[in-house]
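I opened my notebook to go through a structure that was new to me. These are the things I looked up, in the order I got to them.

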Amino acid sequence: MKTVLLKLCFCFIFCSTALAQTTFNTLVTIDPDTGDEPYEIESGDLDGDGTIDLVMATYDAAGSIDFIKWYKNDGMGNFTIQPTISSSITFIDGLEVADIDGQFGDDIIVSSVNQNKLVYFLSNGTGGFGSETAIDNMISAPGEVKAGDVNMDGHIDIIVPSFSEYKTVWYAGDGTGNFSSEQVIQIDVANVDTPYFVDIADYDGDTDLDVVIGIYTFPAPQSIEIYYNQYIESGSTAVTWIKDSQTVDNTLSRIINIAFADVNNDSQLDVVSTDINSGDVIWYNKVKNGSSTPNIISDDSIINGPALAYVTDIDNDNLNDVIVTDFGASDDAIIWFKGNSNASPDITPTTITDNNFQMVDIAVADFDNDMDKDIASIGNFSDTVFWLSNNLITLGLLGESIDGLKIYPNPTHNVLNITTHSNEVLNLSIMDVVGKEVLQKSVRSTTKLDVSQLQNGLYIIKFEGSDSTYKFIKQ
């Protein structure tokens, strides 16, 4: 695998940062023993404390016990294994994180392909989760799970394909944890097309959520179809669906990931897919009810068994990049392709990590609150959860660091938590990016700092008697 290190300069006014290139630290193991074959990982604020946590689910094809576990983040990227959420749900092929009841923190939704059920676990406000609650316990072989507001009532709804029933369905949520019976998005009455992968986004720009579906046909080829939500067009509260008259692609050999994303950075959503058999990672410039132009991002000469294509800006240049993970046996890597404005990504990848873990899924978020995006992943072969810190922005410490200092959440809206290992009073000042002091405060051990009156933007914290400075963003 070819590796190129892209050196990018990035600095902030008044920040004591020594930074420059988009590289990643060596992976840090969070869980050395997940159970057999971890398959799904997602991130979210699972306990409502303002930090981004992780949840993982296993999929053991051999049929032994599967696990749903979560990992609490202290805001600085230090994760601790929490009590197991479930060890009774098996073959977990769909995992989603969303706040479905408006309380305490993000909740966890999973599908079991062999137990034929779609269930959720509510965050309980005490750092744990409630018992399994069924959305549908009679759905046949459910696949990938997505959450979003389909009917635009302000509540989270759930979308999932039913592989053995040849249909994709959605369930309307009421915001308190209750869901309607299934409502059909797509169905093949001929019992040929079997959907398994989905994503949701406002693809046609009318503000309601549309759906892209990866459909298995046996034997191949397999296909990708888009269904447009007609909520806005109908002018009523009814949700109906219309299939795009032109298929995105019907030449794929084995789809393993599809998504809506702006790959070429033209402010219009595209479709991206991975084909684990051919080794192709493809993005499609698709016109609504019109042509679909495929563009190869990566082929089997780079990664021969791609699993996931994740589109996000990881170098903070306001352009989406593409992260690709490997599920094959020969490459075993996470790589990324730098995005370009109004064009395909660069053809030469940069390696993020390279090992024999088979990393089928990733979660991307700012786990250590330093304002760049980090990556967490799972080793399907190694049975591990780990994360890699992005070195794009590194807080530079010009003097001695303050013992045990943590500043979170970052970004924040109203309250900034400041904790240290010391009981001594520390005086701090907050400056804006032009050096004007906007706030002074004395803190001790644990302090909740009210920053609600500050204007949105970047701020610098300076502690009296220390040369160290720290950044946070007020949103």
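**Ground rules.** I am working with a predicted model, where local features need pLDDT of at least 70, side-chain atom pairs count only at pLDDT 80 or more, and totals for chains, interfaces and linings use all residues. I number residues from 1 along each chain as its sequence is written, and side-chain values use heavy atoms, with hydrogens and water left out.

**Confidence.** I checked pLDDT, the predictor's confidence in each residue, from 0 to 100. The protein chain has a mean of 87, with 92% of its residues at 70 or more. Over residues 1-20 the value is below 50, and this stretch has 61 contacts beyond near neighbours in sequence (contact means heavy atoms within 4.5 Å). Residues 395-400 also stay under 50, and there the model has 17 contacts beyond four places in sequence.

**First sheet.** I used DSSP runs for strands (E, at least two residues), numbered from the N terminus, and I took two strands as paired if DSSP finds at least two bridges between them. Which residue of β4 is the bridge partner of L54? I found Y71 there.

Another open sheet of 4 strands runs β6-β7-β8-β9, with antiparallel pairing. I noted β6 (92-98) and β9 (133-136) as the edge strands, each pairing on one side only. Strand β8 (residues 117-121) is joined to β9 by 3 bridges, and L118 has D136 in β9 as its bridge partner.

**Pocket.** I then looked for open space. A pocket here is an open set of points on a 1 Å grid over the protein atoms alone, where a 1.4 Å probe fits, with protein on both sides within 12 Å along at least five of seven lines; lining residues have an atom within 4 Å of a point. The largest pocket has a volume of about 780 Å³, counted as the space filled by probe spheres set on the points. It is lined by 34 residues, and E42, K146, L308, Y310 and D361 are the closest to its centre. Strands that each supply at least two lining residues include β2, β6 and β14 (194-201). By class I got 22 nonpolar, 3 polar and 9 charged residues in the lining.

I found a cis peptide bond from Y408 to P409, with omega near -10°. P409 sits in the loop between β30 (406-408) and β31 (415-419). E37 is not a glycine, yet has a positive phi of about 60°; E37 lies in the loop between β1 (28-31) and β2.

Notes:
Ala, Val, Leu, Ile, Met, Phe, Trp, Tyr, Cys and Pro count as nonpolar, Asp, Glu, Lys and Arg as charged, and the others, Gly among them, as polar.
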